[in-house]
Amino acid sequence: MTTTIDFRTAVREALDEELAADDRVVLFGEDVAIAGGVFAVTPGLYEKYGSDRVFDTPISELALAGAAFGAAITGLRPIVEIMFGDFLTLVMDSIVNQATKYWFLTGEQVPVPIVMRSVVGAGGRFGAIHSQMPASWFMGVPGLKIVAPSNPADAKGLLRSAIRDDNPVLFFEHKRLYGISGDVDGELVPLGSARVAREGSDVTIVSAMNTVHAALEAADLLVGDGIQAEVIDLRTLRPLDVPTVLASVQKTNRVVVVEEGPLTGGWAGEVLARVTEEGLGDLDDAWRIATAESPVPYSPPLEDAFLPNAARIASEIRTRTL
Amino acid sequence: MPRLSDSMEEATIAAWLKRPGEEFRRGEPLVEVETDKATVVYEAEADGLLTEILVPEGGTAALGAPIARLAGGDDEVVEASAPAYMQAPFVERARATPVARRTALELGVGLHGVSGTGPGGRIRKLDVVRAGSTSTANGGVKGATTAVPLSPTRETIARRMTQSRSEIPTFDVTVRIDVTTILELRRDVERAPSVNDFVVKAAALTLREFPPFNSSFVDGRSEQHARVNVGIAVAAEDALLVPAVLDADRKPLAAIAAEARELAQRAKARRLTPDELSASTFTVSNLGMFDVHSFTAVINPPQVAILAVGAAQRTPVETTSGGVAFRDTALFTLSSDHRAVYGADAARFLGHLRNLLEHPLSLLL
Amino acid sequence: MATIGAETERYLELYRRMVLIRGFEDLIQSLFLRGEIYGTTHLYSGQEAVAVGVASALEDRDRLAATYRGHGHALALGVDPQALLDEMLGRATGINGGRAGSMNINSPNDRLVGSFGIVGGTIAAATGVALALKRVGGVAVCQFGDGAINQGYFPECLNFCTVLRLPVVFLCENNGYGEYTPFQTVTAGAIRARAEAMEVPAETIDGMDIVAVRAAAVRAVGHAREGTGPYFLEAVTYRYVGHSRSDPGAYRPAGELDEWKKRDPIVRLREDLIEAGTDPDALSAIDAEVAAQLVEVERRGLEAPFPEPGPTSEFSG
């Protein structure tokens, strides 16, 4: 049954359905229970499942992360909310030195089924330390999955899959996506699989989260120039679905990866590295569009200029195609 | 910094042979330079005075960068840099994307002629496609034009022939050789070696006697080779290939004949190995089968010589008794690199060759 | 004042455990000097009473998270000494197949959640373990040193566990030194006071007296299991060796070690047992059995094969 709902509702439905399906699932974080979440994503869950399953915690990211890890290896399936992705710096020790190493150190005996949801991204005028995209900080952590939906259907389908996944998963909810609506059929979406959001034959645009929409807009703009762009929504950043990107590049020979995040060390570089290694012979052009080597500014004209938008994407493609 | 090796991008000053304030004459050694291949002495191109050393001993400079200040005989300050002929640009591998290269192959477009419009002048597929589709519709006074681009092999050959003719100071010496006896010998033997096989064997034995012709000229000097590998020019479709008969001086004529046949077959089928194509120390090229009476061939660098063989023709010659007889003679032209060998050397070489070919029994041993 | 009382049999078993730990750590020291154990390792010699006393108060449904100075706790929980030694020798037969080494040893089947190299990591782990164990009435113990008191994990998790009423025993083994530094020079106020500030029941006990340790542990675990919140135990003890194998402990004042050795926990228990009627020969027999056991463990460990390098699976499922 298909419904049209917004992104935040899609997230809440996923949490609700998984809390109902498995009583090992627990949800905790700062203000998630009684207040229903600072982004109003989790209202009603505390009332429905009680404080044994859904509860608030002190402002203690270290303790939150440790609690998630310890619970996950002792039979529970914790979902933790880290209010802003910028605060993931505080949980990094637990993720890196505990959660993602336990499977290996126990000789693949004890998995760590944690989902760490976090609100990320710029465009909301929240300033330098509430607008970052932490994905790149975590790309180099073996054992970690990073999921990044761009629309309500994927948000719900991927979150449910993430909760059922036995590995630590960072689940990113871009704050500018909460209000967008879309059709949701309730199907599970597998982790590690990208989606062709729009077909085309002249250039492949690879992106994730909010920037997918800028890419789709850019593709519309380019029709007028006679350029048919194919847009790929990665949906999962780690592990990357390289075969889908390669198949597209085989067709278009030209790939641009658009990342909301600084150019240096970004995940866009990882995509290009894999495409180059495995599809060199199909390449006629390959480049990235990302943000400048600078923190996110606050004032609207500054922030807008900072982020990759449809006009910039279309302009760069135009210049390099014609 | 002069270009003292074909592959150097920079080099190190090993030793200055003149000090600031010292005068020099044209041709005098100025500086020893260590390139990627060897240590080479660079000589002054004109009289002058060394006023200032810019790169000291042990220092490194890029090709073309100033290494010293000189004053000319008429007080003109000149910065020493490479002479024009040494700066002749080597054709580099074109900057093109993988798909552009693939398209160029498919369309038969030579990348070197294509101008790139990608970032940094990179050649992209679009540029290749545009270059491949040139054709003028009605033409003009020359009629409609069809572009015939060079295949990669023909491009390589074009490049090497250009290099040979522009860099090597070639001179040509021709002799007329009486091949009557060879032709008579051939008539008496079943499946006899060809005339060219006799020439290959004779050339090999001559090369052994004249080592300077069995050499490569590289980096300003001759390198004599211990083995005598005679290359045979074979016209394959769309290419001129030169596989080598290795150690031709030691092999009996029959073996040379069998090998030459086999190499020619594989050349036409394009199944020669890179080793076979790069082993020649000397080349024999024969257009006799087309009734060409003489021609000059282009030396294959880094070899120092090539022998062009014309067709045997019935020629009237004066007999010892003052009469006229007809003999089978052919014109042989030896083209040589004047940096390695001189006219008299070439003449002596041909003399020895003629002797062997006019008394071919020695070749049968 | 706690006494052996009627628990002679149990304390004989605890005696054996302490002797095993002491001998094991001596063996590790010797093997390290011979180059058979790699990297670094942190020895527990002198602190045996704490690990063994606390472990004796745990049930099957309880768990313990240890620090990188965790061999004592592993053996106290019942981890097989052969598998433990093999792990440190880097052999395939090691308890973690050679993947973990001294600082990362884990044995979920023996109730050892793991050893955590990041100071304070055990506290984080135990917090989460307790969250899950609350459902089955289990208790999580986190062992940590005096240095961890000043790490962010400690106050955050103590607060977290208190407000959420999690069943955790915070076991601080105060051996006087955080790595190379005496704890007083880097710690403001008293250790126990930090727990008391959060109104967590807290005790300071003599970590060299296993009878006292066990009694306190029973109290602590019992309290935690009730579900009202955590319990804090500060066990004052001493390590006979340096912080790690590369540290000879030269920063300790002269004579300090000898003073503490006079209060050796094994000697102390031996005396207590004899006073309670145990035949000294029985104790000597235990000493000899353990010594022989360790000779055999060493022999087999050195003969054990190294693991073959091969691909590992990054994810489960």
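Which residue with a positive phi follows H4(C)? The residue is Gly90(C), and its phi is near 75°. The points below take the predicted model element by element.

1. **Helix H4 of chain C.** This helix spans residues 81–88. 8 of its 8 residues are buried, so the rest of the structure largely encloses the helix. The cut-off behind that count is 20 or more other C-beta atoms within 10 Å. The buried set runs through Pro81(C), Gln82(C), Ala83(C), Leu84(C), Leu85(C), Asp86(C), Glu87(C) and Met88(C). Note that Asp86(C) and Glu87(C) are on that list.

2. **What H4(C) packs against.** The partners of its buried residues are three helices of chain C: H1 (8–33), H3 (71–77) and H12 (280–303). Gly90(C), with its positive phi, then follows H4(C).

3. **Strand S18 of chain B.**

4. S18(B) pairs with S19(B), residues 324–337. The pairing is antiparallel and uses 6 bridges. Within it, Gln313(B) sits opposite Thr329(B) of S19(B). The two strands form a hairpin, with 5 residues between them. Gly322(B) lies in that turn and has a positive phi of about 90°.

5. **Helices H9 and H10 of chain A.** H9(A) covers residues 242–252 and H10(A) covers residues 267–279. Their axes lie 10 Å apart, at an angle of about 60°. The crossing is right-handed. From H9(A), the contact uses Val242(A), Val245(A), Leu246(A), Val249(A) and Gln250(A). From H10(A), it uses Val271(A), Arg274(A), Val275(A), Glu278(A) and Gly279(A). By class, these residues comprise 6 nonpolar, 2 polar and 2 charged.

6. **Chain A with chain C.** This contact draws 35 residues from chain A and 33 residues from chain C. On the chain A side, the elements giving two or more residues are H3 (61–72), H4 (88–99) and H5 (102–105). H3(A) supplies the largest share, 10 residues. The chain A side holds 17 nonpolar, 14 polar and 4 charged residues.

7. **Chain B with chain A.** Here 8 residues of chain B meet 7 residues of chain A. On the chain B side, helix H1 (residues 98–107) gives the most, with 4 residues. That side has 3 nonpolar, 2 polar and 3 charged residues.

8. **Chain A overall.** Chain A has 322 residues, of which 55% are buried. Its secondary structure comprises 12 helices and 14 strands. Among its contacts with a separation of 6 or more, 79% join residues 24 or more positions apart.

9. **Chain B overall.** Chain B has 365 residues, and 31% of them are buried. Its secondary structure consists of 8 helices and 19 strands. For contacts with a separation of 6 or more, the share between residues 24 or more positions apart is 59%.

10. **Where to look.** For an enclosed element, inspect H4(C), with 8 of 8 residues buried. For helix packing, view the right-handed crossing of H9(A) and H10(A).

Conventions. Residues numbered from 1 in each chain as written. Chains lettered and ligands numbered in written order. Predicted model: local features only at pLDDT ≥ 70, side-chain atom pairs only at ≥ 80, totals over all residues. Buried ≥ 20, exposed ≤ 12 C-beta atoms within 10 Å, placed from the backbone. Contact = placed C-beta atoms within 7 Å. Nonpolar A, V, L, I, M, F, W, Y, C, P; charged D, E, K, R; others polar. Axes fitted to C-alpha atoms, helices over the stretch in contact; angles between N-to-C directions. Left-handed = near helix turned anticlockwise from the far one by under 90°. Pairing = 2+ DSSP bridges.
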